[in-house]
Amino acid sequence: MRRRGFFEPLQLKVIAGSGKVPPLADLLQALDFESAAEAKLDPALFAEIAGGDRSALERITFRPRMMVNTTGLDLTSELLGAKLFAPIFAGPMGNLKRFHPEGEVAAARGASAAKAPFVLSADSDCSIQEVAAALKSPWWYQVYANAAPVAAKEKIRQASEAGAKALVITATGPVREWAAVEALRKGMKLPVVLKGVVSAAEAKAALEHGVQGIVVSRPARPGAAGLASPMESLASVVDTVAGRVPVLIDGGFRRGGDVLKALATGASAVLLGRPVVWALSAYGAEGVQSMLETTQTDLARDMAMCGKVNLKALDRTVIRVHKA
Amino acid sequence: MRRSATRRMALQSLAAFVAGSPLLETPLLEAQQDPVRDQSRIKALRELESTFDFEPVAFAKLVRSVYDYTAYGSGGEFTMRRNRQAFEWADLIPAATPASGTVQTATTVLGTEMQYPIFVSPTATQGQLHPDGETAMRKGATAASNTPMIVSNNSTLPFAKVAAGPGSPLWVQLYPKQAMDDNKSYLEPAIAAGARAVVVTVDQQAPVYERALRGRNLTAGGRGGGRGGVVSVAASNPYRLPMYRLWYEWRFFDEIRTFVKVPILAKGILTAEDALLCLDHGVDAIYVSNHGGRSLDYSPSTFEVLPEIVDAVRGRVPVVFDGGIRRGADILKALALGANAVCIGRAVRWGLAAYGAEGVQKVLEILQAELKLAMLQTGRTTLAAVDRKMERVHFQ
């Protein structure tokens, strides 16, 4: 066993693979849920969802403003016709029955209990109807751009009927699959959010093709790990989009302050992926709820300490981006 | 439930025992030597040569929770680490030692005369560190060339008791209270007892100390409590955030000005914009601080924002600075960027915990001697000659 180094980042310590997780109340932030998942899961399975790149977020500091009354702190917003309690989504993560017997249903129940919006993955182990029944918060449905069109359209129809408020299409190649995107959205009323945009040029193309939202994200394809991290591209995407459609982001967001950095840069909301799976693995729905609530509280805390009372008050003067 | 708690405790004891076993002390796993705990002997006062030497002694003498209270920062402690790191982003430029060899370090800040541009920061409950608490802190500060001390709002001893008898000049620190009478009933006796200035802390509206909440987890589920016992405190908004300091507004300064006739400082300023607002509200000096990394995590280091604040203030009021100072050269670097004086928090707390008033005195005297030496090595014999030209800054 390793002794804690003095300057090591604070994160809950566990015995990997021991199957023993601490009481939920001992977990203070999303990274602690990674520790809990490490304790709970078989090492090979844990390795699939371990880690995440926070390096771009570590290069951003706040410019906190004092003596601003924030007693009316409010994190709500409107996004594609839905009212969000806080701009933090439980992002699309698939095959969740490998991590918890109740899979996506438990994740959805946890998100719903935290009033968090949810994105249901195309790779769900649970049926769309089952998951929809567990959700009271707004939710979106996600498909891959390269999905077989007939089957995918049927699922999209089911999701729409079950109450999905938007369709997320995840780019699987460099975003040139417009024909596929068009085919998927044809005849469908749901707003389309394109996920996997990594540059201003791609954002511009997405706007030209009439998408109603963008998620800055590493695309689901080989070699994508070498691209700039989503947080590094966010400012240029936001500038290109210039408010015409909402811009969301995922990739490495853990602390409430991480979320605030994206919101201050101009994102409308942040998607949490791995932390949801960590929480689900270790504690089921209750864990997902707790992880999301902790992150919401930390976002609220950091907003208050930056002197910002609501999301409209945020702009880039809240942050400073450093070289290293 | 009781059964599982017992089982948990048993597992913890086992884990603690295993963790302590010398068999596990493999150097390969010790990527970072722990500067605090890897001590084989407690050093005597006369053996302590730099301010860093006091922390291990304090660690050895304090119970862990009291040690942690001084050691930790908020959140993931990014800002606390950065406060120290930032001094490495500035290089003092050596110059020929002046022939005279005498260095003039005396200054006056808001009418308080001082032999060195150094204050003792306001820090809470010093009685936990030493039985004589703030009285011992002041005794040590007084012995170190009459170093002025700022007495915390959360002092173990009442201000009047700390101020009793002769000693170094005192200022008083205040956490704003929403009922104006509460500020009055705290400040007026302190000012009557000799407080020469009021330091109003404007930050730390809703911090969280993960290290404190965690307690000393060796493994999962260690004692410490987690969020369970903490979040509910005064949490009354939909996001479960404690609200008791979120009401702060600038007009607080206008309101206390009606009954405070001594100078007022705003402590916790980190932006040029807020420094200018301080001036609008008649604040007499800006105190640049991120609460020693105990307020908003991922705040910048104080050292890297000092230039923007000094430039905004343009000499209209003094700028006082704290955050991560452990060496005389750190002090000189801050003065070179335009601070009028610096405050020392953790370093004197370690001194107090290690060797009481004598420890405080020695920490301050080390800093004073190092400051003089650094001034000589950069060819400066007066504070007036300290300027930005003596320093090369390469902030990240």
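In this predicted model, H11(A) comprises 32 residues, yet its end C-alpha atoms lie only 27 Å apart, short of the 46 Å that a straight helix would reach at 1.5 Å a residue; the expected span is taken as 1.5 Å times one less than the number of residues, and helices (H or I, at least four residues) and strands (E, at least two) are DSSP runs numbered from the N terminus. A kink of about 140 degrees is centred on A:Tyr283 in H11(A), the bend at a residue being the angle between axes fitted to the seven residues ending there and the seven starting there. Of the 32 residues of H11(A), 29 are buried, so the helix is largely enclosed by the rest of the structure; buried denotes under 20% relative accessible area, exposed over 50%, and partly exposed in between (1.4 Å probe, protein chains only).

The largest nonpolar core has 112 residues, and those with the most contacts inside it are A:Phe118, A:Trp139, A:Tyr141, A:Ile214 and A:Leu292. Helix H11 (residues 274–305) of chain A gives the most to this core, with 16 residues. Such a core is a set of buried Ala, Val, Leu, Ile, Met, Phe, Trp, Tyr and Cys residues joined through side-chain atoms within 4.5 Å. A second, separate core of 97 residues includes B:Phe253, B:Ile256, B:Ile264 and B:Leu306.

A search of the whole structure finds 17 aromatic pairs over all chains, where rings of Phe, Tyr and Trp (its six-membered ring) pair if their centres lie within 6.5 Å, with planes under 30 degrees apart counted as stacked, over 60 as edge-to-face and the rest as tilted. B:Phe78 and B:Tyr298 form a stacked pair, at 4.3 Å centre to centre and with 20 degrees between the planes. B:Phe78 lies in helix H4 (residues 78–85) of chain B and B:Tyr298 in the loop between strand S9 (285–288) and helix H11 (302–313) of that chain, so the pair ties together parts that are 220 residues apart in sequence. B:Phe78 is buried, with a relative accessible area of 8%, as is B:Tyr298, at 6%. The ring centres of B:Phe303 and B:Phe395 are 5.6 Å apart and their planes stand at 80 degrees, so this pair is edge-to-face. B:Phe303 is buried, with a relative accessible area of 0%, whereas B:Phe395 is partly exposed, at 21%.

Residues are numbered from 1 along each chain as its sequence is written, and chains are lettered from A and ligands numbered from 1 in the order in which they are written. Local features need pLDDT of at least 70 and side-chain atom pairs count only at pLDDT 80 or more, while totals for chains, interfaces and linings use all residues, and side-chain values use heavy atoms, with hydrogens and water left out.
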